[in-house]
Amino acid sequence: MNNMNKKEQLEMAKETIEKVILNNSELTSMIGPDEELVDSKILSSLALVELVFSLEELLGKQIINDDVGFEQFTTVNKILTHLESIIEE
């Protein structure tokens with residue numbers, strides 16, 4: 001991932017998010033970017049953890065820590081906004 005620019009990393013992250021949602025929900029095409037993923041039962045809490053681990057593996061860095069919890073991962077837009085803030089140019 002180090003050779004990719006920020007835009008490419010975010011696109012790969014978006015593809016990972018879509019893949020995890022697709023594997024866990026039949027409603028992928030109907031999911032809006034601001035729809036609550038767990039509250040709407042699009043993802044289980046376990047699938048959300050799977051998503052976070054997949055994104056950490058993809059980006060090669062920890063994305064949840066003492067300052068950032070799962071509240072940053074409730075919608076696709078929140079996830080992408082958080083990732084954008086931690087991906088270096």
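This note goes through the helices, the nonpolar core and a few single residues of a predicted model.

1. The core. The largest nonpolar core has 25 residues, and within it Leu55 and Leu83 touch the most other members. Three helices each supply at least two residues of this core: α1 (6–24), α2 (45–59) and α3 (76–86). The helix that gives the most is α2, with 7 residues.

2. Helix α1. The end C-alpha atoms of α1 are 27 Å apart, which agrees with the 27 Å that its 19 residues should span at 1.5 Å a residue. Its buried residues are Lys6, Gln9, Leu10, Ala13, Thr16, Ile17, Val20 and Ile21. These residues lie on the same side of α1, because they cover an arc of only 130 degrees around the axis. The face turned away from that buried side carries the exposed residues Lys7, Lys19, Leu22 and Asn23. The cover over the buried residues of α1 includes α2 and α3.

3. Val20 in α1. Val20 is found in helix α1 and counts as buried because its relative accessibility is 5%, where the cut-off for buried is under 20%. Leaving out residues up to four places away in sequence, Val20 touches Leu43, Ala47, Glu50, Leu51 and Ser54. Val20 and Val52 are 32 residues apart in sequence, and their C-alpha atoms are 9.9 Å apart in space.

4. Helix α2. This helix has 15 residues, and the distance from its first C-alpha to its last is 21 Å, close to the 21 Å expected at 1.5 Å a residue. Ala47, Leu48, Leu51, Val52, Leu55, Glu56, Leu58 and Leu59 are the buried residues of α2. Both α1 and α3 are among what covers them. After α2 comes Gly60, with a positive phi near 70 degrees.

5. Leu51 has its place in helix α2, and its relative accessibility of 0% is why Leu51 counts as buried. Apart from neighbours within four places in sequence, Leu51 is in contact with Thr16, Ile17, Val20, Leu43 and Ile79. The C-alpha atoms of Leu51 and Glu18 are separated by 9.7 Å, while the two residues are 33 residues apart along the chain. For Leu55, not counting residues up to four places away in sequence, the residues touched are Ala13, Thr16, Ile17, Ile63, Ile79 and Leu83.

6. A buried charge to check. Glu56 is placed in helix α2. A reader may want to look at this residue: Glu56 is buried yet has no salt bridge. The nearest side chain of opposite charge belongs to Lys61 and is 11 Å away. With neighbours within four places in sequence left aside, Glu56 is in contact with Lys61, Gln62, Ile63 and Ile64.

7. Helix α3. In α3, the buried residues are Val76, Ile79, Leu80, His82 and Leu83. They fall within an arc of 160 degrees seen down the axis of α3, so they line one face of the helix. Thr81 and Ser85 are exposed on the other side of α3. The buried residues of α3 pack against α1 and α2.

8. Lys41 in the loop. Lys41 lies in the loop between α1 and α2. Its phi is positive, near 60 degrees, in a residue other than glycine. Lys41 counts as exposed because its relative accessibility is 72%, and exposed begins at over 50%.

9. Ser44 in the loop. Ser44 is also found in the loop between α1 and α2. With a relative accessible area of 41%, Ser44 is partly exposed. Ser44 and Asn24 are 20 residues apart along the chain, and their C-alpha atoms are separated by 8.0 Å.

Key
Residues numbered from 1 in each chain as written. Predicted model: local features only at pLDDT ≥ 70, side-chain atom pairs only at ≥ 80, totals over all residues. Heavy atoms only, no water. Core = buried A, V, L, I, M, F, W, Y, C linked by side-chain atoms within 4.5 Å. Buried < 20%, exposed > 50% of the residue type's maximum accessible area, 1.4 Å probe, protein only. Helix = DSSP H or I, 4+ residues; strand = E, 2+ residues; numbered from the N terminus. Contact = heavy atoms within 4.5 Å. Lys, Arg positive; Asp, Glu negative; His and termini not counted. Salt bridge = Lys/Arg side-chain N within 4 Å of Asp/Glu carboxyl O. Expected span 1.5 Å × (residues − 1). Arc of directions from axis to C-beta.
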